Amino acid sequence: MPMSSGDLINSEQDQSKGTKLLLVDDEEGYVTVLAKRLSKRNFQVKTARSGTEAIRILRNESFDLAVLDFKMEDMDGIEVLKIFKVMEPKMPVIILTGHGSETAAREGMEYGAFDYLVKPCDLSELVERIREACAKGP
Amino acid sequence: MMEKHYYTSLTRNMTLIVILVSFTPLILIAGLIGYYFETSYRQKVMEHLHELVEKHQQLINSFLDEKLSYIKVLADSYTYDELTDETFLQNKLVILQNAYSGVFVDLGVVNSEGVQISYAGSLKLLNADYSKAEWFREAIKRDYYLSDVFLGLRRTPHFIISVKKRRGDTEWLLRATIDFVAFNSLVEQIHIGETGSAFIVNSAGELQTRPGTELAPNITSLLSRTSWAGMAGTGSAEPSASPIEEVKTSSSGSNAVSGIVKSRNRNIIFILMPLKSGEWTLAYLQDQDDAFSEVNRARVIALSIFILGCLAIVLVALFISQKVVGQIQKADLEKEMMNEQVIEAGKLASIGELAAGIAHEINNPVAIMVEEAGWMEDLLEEQELKENQNVDEFRRSLKQIGLQGVRCKEITHKLLSFARKTDPVHHEIQVNDTIEEILSICEERSKFNNIRVQTELDQHLPLISASPTELQQVFMNLINNSIDAIGSGGGLLEIRSRVEGDKVVVDIADTGHGISKSLMARIFDPFFTTKPVGKGTGLGLSICYGIIKKLGGNLTVDSSVGLGTTFHVNIPIHSETS
């Protein structure tokens, strides 16, 4: 049964009400628009521009899930992931990665990431993964 | 031009070095051996001649001594009265003539006044007066005398042997005439080669026997200037005059003078030996060329061999250096071609790196664009905008942005595949299966274009290690290209697989329009395409190239315009990357 995009957003809103997300990406433009779109789908989104900023935020707040870019300037994504897993072992992490970095992403899976997606990805696919992760737990 | 000059000078230098290295020892050895051989040979010839002349010297001396001793015996054995008896003398002459046929011509007794008082012989010389004759004046002074050759009263050449005896207060001589012919033949026996001959001269240089050849004036003068200081036949002898320039003299241990004199533009070897206690000289003359004819002949043969050898060396040196330089030239050419290939491969690799970098860089902006478009789509859902008349146009436009973003993603993905940045998992693959699989996918397209597909697959093809998706991509690209090349006009697509050495080879041949020579060098370059804009990315073949190279194989192409194109895929059975 085909669904309009409006219906889609509404159904997503219902299921993910109040889910707290931490979005880590050093690409300003990307992280801003992604945060807006996820907020529109009723997620509580907080953004971090770097690995260090993300760790600082995580120290004061807890989140239901983190979306982590694997290619950042200050810290290697895999290092951030390791620290996340120490600080919040129960928080699922979804990795976003560019083409050709699939190896690193697969390595990330070994360190406890829930899944990985290749940029640019379809938003609905990302939302689907987030929902799965939250339902399943870490 | 420069190249040609380089090879020419290389050939020349090699030839020169080979010639120099071969010639130097050859010339040195030939020169050295030749010199020593010639010197020793000449010495040997001279020694031989010396010996020969010496033997004849002894022979002549003993001949003369013998004849003298007969006369001496005759004079001692019989009294003056007996010898003056003509019948008695005639008897003695007959005995002598019987013993030595033709040597003794006559006998005579001459008194102190020079009158021949008794004579036996064929001529009428009784009472002949010799008082004025030179021989008599010399003979009367000595006990024995051997005269020079002279014509005398009888007008034929002869010489006289005389023995002086005393009878009371008066002296008398017993004399015998020696036939010149008999004596001459003794000397003429010495005849060597074509020009070697001997003769006798007296101290004044007057000939005593006939020389074999006419004598040049300077030789005559040389002979007349030679005197034998050691009269007794021992000690060294020297030419009386200081040697003239062209005369080389040497005196050996035996009483002899030898050397070479230049005469009438010829070098004449001479050997001089004393006879008759130095009063006469036995001279031997021979043309140098004649005497050394053997060594000259040897020299001619050696020289011919030498020249032939040199010629052979030169020819071989030329041949070898040309051949070697030809090989070098060929090797250089191959190297150059190899370099070109390496440069080409390097170029592709660097383009790959560049493309990978660009793909990464483009990825993020594209991701942002897609998300921004998505955000706008989200906003369009707001109620107040729904009534806007252009809202459908906005939606369409945003969807288009999203679609193009996906297309960009595909392009960057392909670029990264070419740059080998992806690392798919390898499996053992049967190439034939992959080909069949792709052909089934393309079946509709080829049928639509009236293309007849022929396969000739080796059923015993070994498995290779590769990524199945990559291999599919390679054959998909190549087969699609072939179908595109044939176009809608129809044609033949042939796919053959076989094993060649340690490689699996797949040929994909089409009867399409072919690839022109000018494009051939660029077909594997990324973004190079002959398809209309929007129809091809120009990445297909470069990705195939990248994949096959990564497997350690090779992708080559043969093509002729109008006839078709054949791609050859080589994949090692034992992949380098496995």
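Select Thr87(B), Asn91(B), Val94(B) and Asn98(B): these exposed residues sit on the face of helix 3 of chain B that is turned away from its buried side. Helices (H or I, at least four residues) and strands (E, at least two) are DSSP runs numbered from the N terminus.

The model is predicted: local features need pLDDT of at least 70, side-chain atom pairs count only at pLDDT 80 or more, and totals for chains, interfaces and linings use all residues. Residues are numbered from 1 along each chain as its sequence is written, while chains are lettered from A and ligands numbered from 1 in the order in which they are written.

**Stop 1: the other side of helix 3, chain B**

Now select Leu89(B), Lys92(B) and Leu93(B), the buried residues of helix 3 of chain B. Seen down the helix axis, these buried residues fall within an arc of 100 degrees, so they line one face of helix 3 of chain B. The arc is that of the directions from the helix axis to the C-beta atoms. An α-helix has 3.6 residues a turn, so residues three or four places apart point the same way.

To check the length, select residues 86-99 of chain B. At 1.5 Å a residue, the 14 residues of this helix should span 20 Å, and its end C-alpha atoms are 20 Å apart, which agrees. The expected span is 1.5 Å times one less than the number of residues.

**Stop 2: chain A as a whole**

Chain A has 6 helices and 5 strands, and from the N terminus on its elements run α-β-α-β-α-β-α-β-α-β-α. Of its 138 residues, 39% count as buried. Two residues are in contact if their C-beta atoms, placed from the backbone, lie within 7 Å. Of the contacts in chain A with a separation of 6 or more, 64% are between residues 24 or more positions apart.

**Stop 3: helices 3 and 4 of chain A**

Select residues 51-60 and 77-87 of chain A, which are helix 3 and helix 4. How are these two helices of chain A packed? Their axes are 10 Å apart and meet at an angle of about 5 degrees. Axes are lines fitted to C-alpha atoms, for helices over the stretch in contact, and angles run from 0 to 180 degrees between N-to-C directions. Helix 3 and helix 4 of chain A are therefore roughly parallel to each other. Angles under 35 degrees count as roughly parallel, over 145 as roughly antiparallel, 65 to 115 as roughly perpendicular and the rest as oblique.

For the contact itself, select Gly51(A), Ala54(A), Ile55(A) and Leu58(A) in helix 3 of chain A, which meet Glu79(A), Val80(A), Ile83(A), Phe84(A) and Met87(A) in helix 4 of chain A. By class, this contact has 7 nonpolar, 1 polar and 1 charged residues. Ala, Val, Leu, Ile, Met, Phe, Trp, Tyr, Cys and Pro count as nonpolar, Asp, Glu, Lys and Arg as charged, and the others, Gly among them, as polar.

Stay on helix 4 of chain A and select Gly77(A), Val80(A), Leu81(A) and Phe84(A), which are buried. They cover an arc of only 100 degrees around the axis, which puts them on the same side of helix 4 of chain A.

**Stop 4: chain B as a whole**

Switch to chain B, which has 14 helices and 20 strands. Of its 578 residues, 29% count as buried. Among contacts in chain B between residues at least 6 apart in sequence, 62% join residues at least 24 apart.

**Stop 5**

Select Gly352(B), in helix 8 (residues 293-380) of chain B. Is Gly352(B) buried or exposed? Gly352(B) counts as buried, with 23 C-beta neighbours inside 10 Å.

**Stop 6: two loop asparagines, chain B**

Select Asn127(B), in the loop between strand 2 (116-120) and helix 4 (134-139) of chain B. Asn127(B) is not a glycine but has a positive phi of about 65 degrees.

Note on methods:
A residue is buried if 20 or more other C-beta atoms lie within 10 Å of its own, exposed if 12 or fewer, and partly exposed in between; C-beta atoms are placed from the backbone.
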